[in-house]
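Subject: Structure for your files

Hello,

Here is the structure I said I would pass on. My notes on it follow below.

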Amino acid sequence: MKAVILDAASLGPDIDLEPIRERVDPLEVHDQSTATEARERLAGAQVGIVNKVVLDAPTLEALPDLKLICVLATGTNNIDMAAAERLGIAVKNVSAYGTASVAQHTLMLMLSLANRLPLYQRDVAEGRWGESPFFCLMDHGTLQLEGKQLVIVGQGVLGSRVAQLAEAFGMGVTFAARPGNEATDTRPSLARLAPAADIISLHCPLNDATRHLVDAGLLATLKPGALLVNCARGGIIDEPAALATLREGRLGGLGVDVLPVEPPRDGHPLIDALAEPLNLIVTPHNAWITPEARQKIVALTAENLRDWQAE
């Protein structure tokens with residue numbers, strides 16, 4: 001059974017593909033592939049293994065031997081799922097591989113914003129510590145997490161792990177109702193919880209109900225100094241509105257690991273704003289990239305192959 005990996009480089013050079021090799025033979029590995037190259041490289045293969053390469057309907061229709069697509073991620077938006085189903089091509093993804101990694105990154109953003117790390121790092125780099133009349137700098141008021149209220153949107157495995165870590169710091173944690181399901185959800189809505197939140201952390205998918213979930217209207221209800229963290233998907237926050245609120249001093253800090261378009265080849269207002277003295281952190285969608293998380297993707301993909309072969 002021939003299998004082809006189209007974008008192995010997306011997992012990094014330090015990942016062992018042996019668990020997948022043990023399930024298929026031969027395994028053809030490509031670091032990167034365009035959509036056009038994908039059609040050529042998958043010709044004659046029964047299994048396509050892909051992370052972010054787009055496999056649209058015309059591509060799938062041109063691959064009569066393809067029986068299974070293994071996605072090296074949770075999201076399957078790069079696959080035309082309707083076409084795959086119509087053509088009898090199974091699609092298997094992986095989930096919960098980066099729980100520890102993303103939760104750790106989320107807490108890093110919270111801690112860094114709470115301690116005004118971007119501002120103090122800038123002060124030190126610009127020599128202000130050396131100019132201080134006494135031993136420390138305290139120009140930017142910090143936030144002690146103990147006793148503060150964290151509101152989490154998304155009570156899945158990841159949101160629940162973030163809650164555990166936050167509780168270890170003595171924070172109170174409340175989960176918001178699933179966006180779009182507030183009428184039947186027993187949990188309070190984000191709109192109801194936001195005014196009392198010291199920190200809001202997003203761990204929900206991007207869909208019609210969550211696009212611009214945190215918009216100018218909701219931002220206006222936050223208490224002064226509240227922190228906002230997004231390690232979910234770009235676009236759940238109205239980023240320009242959040243940036244305006246941060247510049248006005250009404251938002252205490254903003255940390256994002258995601259943007260609406262990735263990579264942001266045409267830039268983004270949040271990236272431009274990193275040059276300003278703001279309590280702002282933008283990381284390059286790398287919350288998930290610990291070696292352990294990336295290796296787990298391979299292990300879970302091997303399990304998907306095994307399960308499919310056993311069907």
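Backbone notes

Arginine 116 sits in the loop between α5 and α6. This is a predicted model. Phi of arginine 116 is near 55°, a positive value in a residue other than glycine, and with a relative accessible area of 11% arginine 116 is buried. Alanine 96 also has a positive phi, near 60°; its place is the loop between β5 (90-92) and α5 (99-114). At a relative accessible area of 40%, alanine 96 counts as partly exposed.

The bond from aspartate 25 to proline 26 is cis, with omega near 5°, and proline 26 is in the loop between α1 (18-21) and β2 (27-29). The bond from glutamate 262 to proline 263 is cis as well, with omega near -5°; proline 263 lies in the loop between β10 (253-256) and α11 (269-273). Most residues other than glycine have a negative phi, and most peptide bonds are trans.

Overall, the chain has twelve helices and eleven strands, and 47% of its 311 residues are buried.

On the surface, Phe134, Phe135 and Met138 form a nonpolar patch with about 400 Å² of accessible area together. Methionine 138 is in the loop between α6 (117-125) and β6 (149-153) and is exposed, because its relative accessibility of 57% is over the 50% cut-off.

The second largest pocket holds about 210 Å³ of space. It is lined by 13 residues, of which Gly154, Gln155, Arg178, Cys204 and Pro205 are the closest to its centre. By class, the lining has six nonpolar, five polar and two charged residues.

Regards

Notes. Residues are numbered from 1 along each chain as its sequence is written. This is a predicted model: local features need pLDDT of at least 70, side-chain atom pairs count only at pLDDT 80 or more; totals for chains, interfaces and linings use all residues. Side-chain values use heavy atoms; hydrogens and water are left out. Patches are made of residues with over 30% relative accessible area and no salt bridge: like charges are joined within 9 Å, nonpolar side chains (Val, Leu, Ile, Met, Phe, Trp, Tyr) within 5 Å. Accessible areas come from the Shrake-Rupley method with a 1.4 Å probe; for residues, only the protein chains shown count as cover. A salt bridge is a side-chain nitrogen of Lys or Arg within 4 Å of a carboxyl oxygen of Asp or Glu. Helices (H or I, at least four residues) and strands (E, at least two) are DSSP runs, numbered from the N terminus. Buried means under 20% relative accessible area, exposed over 50%, partly exposed in between (1.4 Å probe, protein chains only). On a 1 Å grid over the protein atoms alone, a cavity is a set of points where a 1.4 Å probe fits but cannot get out, and a pocket is an open set with protein on both sides within 12 Å along at least five of seven lines; lining residues have an atom within 4 Å of a point. Grid points are joined across faces, edges and corners, and a volume is the space filled by probe spheres set on the points. Ala, Val, Leu, Ile, Met, Phe, Trp, Tyr, Cys and Pro count as nonpolar, Asp, Glu, Lys and Arg as charged, and the others, Gly among them, as polar.
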